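Please look over the following model before reading the numbered points, which concern the ligand site and then the division of the chain.

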Amino acid sequence: MKKSAPWWSAIGVAAGLAGLATGYLVSAVMNLRLTPVSAVAELVVQLAPDAAANNRDLGAADKPLLVAGIYLILLLSFALIGRLARGAWWRPVVGFGVIALIGVVATMSANGAKVTDVTPVAVGFAVMIVALSLLAERLRSLEAITDQQRFSQPYVRSRRSFLTMAAAVVGVAAVAGIAGNIRGGSRRAVEEARRNLAATDATKASPLRLAVTAPQVPADVAVGVDGVAPWMTPANDFYLIDTAFSKPMITPQEWTLRIHGMVDQEVTLTYDDLVQRELLEDWVTLNCVSNPIGGELVGNAWWSGVALAPILEEAGIQEGADAILQTSDDGWNCATPVETVMDGRNAMLALYMNGEPLPVEHGFPVRAIVPGLYGYVSATKWVVDMELTRFDAVDAFWTQRGWGELGPVKMASRIDVPRDGASVESGDVVVAGSAWHQHTGIKGVEIAVDGGAWQPTELAGEVTDDSWTQWRTSVSLDRGSHRVRVRAINKDGEVQTGAYADVLPDGATGWHEIYVDVV
Ligand SMILES: Nc1nc2c(c(=O)[nH]1)N[C@H]1C(S)=C(S)[C@@H](COP(=O)(O)O)O[C@H]1N2
Ligand SMILES: [Mo]
């Protein structure tokens, strides 16, 4: 066997994958949030502040790309390490060692990391070394046989031994990968806990079930135009933004919230403590600071939970504290103005969304919701810690990356119907959409065709100033291309500005416009 270099690469890849898969399985069995690979992905995001700041959607779209890139680099490294194994035995040990070291550093830099959390990396590293040495030993004896002896007994035996071992290593990788996937970390236990919190059937219901009211969408809040985003956003369609490559899996029984810092007495709340408190429910529209003009990073839900202000009052906010540094179980943090949370609005710890326990991706078991603030300064998912502090003493995740310190939402309006670029028939054309300025409320929405005069539209009903408002009108348009613009007027009488501003640093402004072809 002369041309065996590709085989050396292949055994490196097989050994590497076996190690990755067993590491993944061990992290699932240990109920760790992070796998070695997702730990590295989160570390890369931590270390690349500039790239992240320029990211229009606060990192959501680039996640699969980053993970794919990490796997690609790993595969190439494994192939290289396999070739190194052809020379001296210690070379692949160093190669896998470097990869394992990166895994250890990434794992230990995660929020709340314990030394035992490196077990998956350690086991994966050991599997890589053992698998590679078993394969290398057999490949080497195969190589020692000259081409003249190709059909000899020792050759056939040696070849069978190598291929059997290769199949075994690939099998270990596949079985560990599949088993890890089935085990699914602690996802299953958490999903079961969610179901028990949802169950209205008393025999299945958890004692921690909150007595929520099912969402009741008033009939008049919808303009009844097909194509306008539904007034209540189903949880499945609700936009998702977070920096976590593996979502925190926390059962309600495990969850606690520590409130500390500039308070008279430190408090630690359990999920049961929240369930015992007075219920607070509200329709609140949540949007992302990185939502572009006319964009879809906005949704409206019926949130059920408890008021945050009285909890902070009980802890006793000390003089001078102007920021609540909220931290998620995954380590992400944000600073929320104390003043906003304490001014009487429905700032809450939300446990349920649209009458169901929060989906894991939306922060189960507990997240914060503050009407009138963008998500990045307020809506901490999987929230576990609140430190009363001062803005001048902290620098939270997105503010470190160039986004604004305070994040009050800006007034916005959107045309949902017709779609931009649509063809419509001439005559009366229905134009409709949504507008929002949470906690201030929308008083009017106007549209202008081809730069003409602003014309009022008809608003649907509303339930609170914290949720968005649908609007509709119809305009008579003749053949050709037309531009339609929208602007809102809030209940303070302010007119939405047409001055264009980018999403960075503190939210887009400018009118949403669409073009329609009238035929
Ligand atoms: N733990 C955690 N919470 C987070 C974030 C995050 O990255 N991590 N992103 C925030 C941002 S920028 C927004 S807009 C909202 C989005 O909430 P959603 O994903 O439930 O729509 O969550 C906020 N809470
Ligand atoms: Mo956001």
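1. In this predicted model, a backbone N or O atom of alanine 379 lies 2.9 Å from a nitrogen atom of ligand 1, where a polar contact is a pair of N or O atoms within 3.5 Å. Taken alone, ligand 1 exposes 530 Å², of which the protein buries 100%, with accessible areas from the Shrake-Rupley method and a 1.4 Å probe.

2. Oxygen atoms of ligand 1 also take part: one is 3.0 Å from a polar backbone atom of isoleucine 241, and one lies 3.4 Å from a polar side-chain atom of tryptophan 332.

3. The shell around ligand 1 holds eleven nonpolar, five polar and four charged residues, with Gly counted as polar and Tyr as nonpolar. Of these 20 residues, Tyr239, His362, Arg367, Ala379 and Lys381 come nearest (near means a heavy atom within 4 Å).

4. An assignment that is automatic or from a database divides the protein chain into domain 1 (5–183), domain 2 (235–401) and domain 3 (412–518). The contact between domain 2 and domain 3 takes 23 residues from domain 2 and 20 residues from domain 3, contact meaning heavy atoms within 4.5 Å.

5. Residues are numbered from 1 along each chain as written, chains are lettered from A and ligands numbered from 1 in written order. Local features need pLDDT of at least 70, side-chain atom pairs count only at pLDDT 80 or more, and totals for chains, interfaces and linings use all residues, while side-chain values use heavy atoms, leaving out hydrogens and water.

Methods. A polar contact is a pair of N or O atoms within 3.5 Å; within protein, one must be able to donate a hydrogen and the other to accept it, and residues adjacent in sequence count only if both atoms are side-chain atoms.
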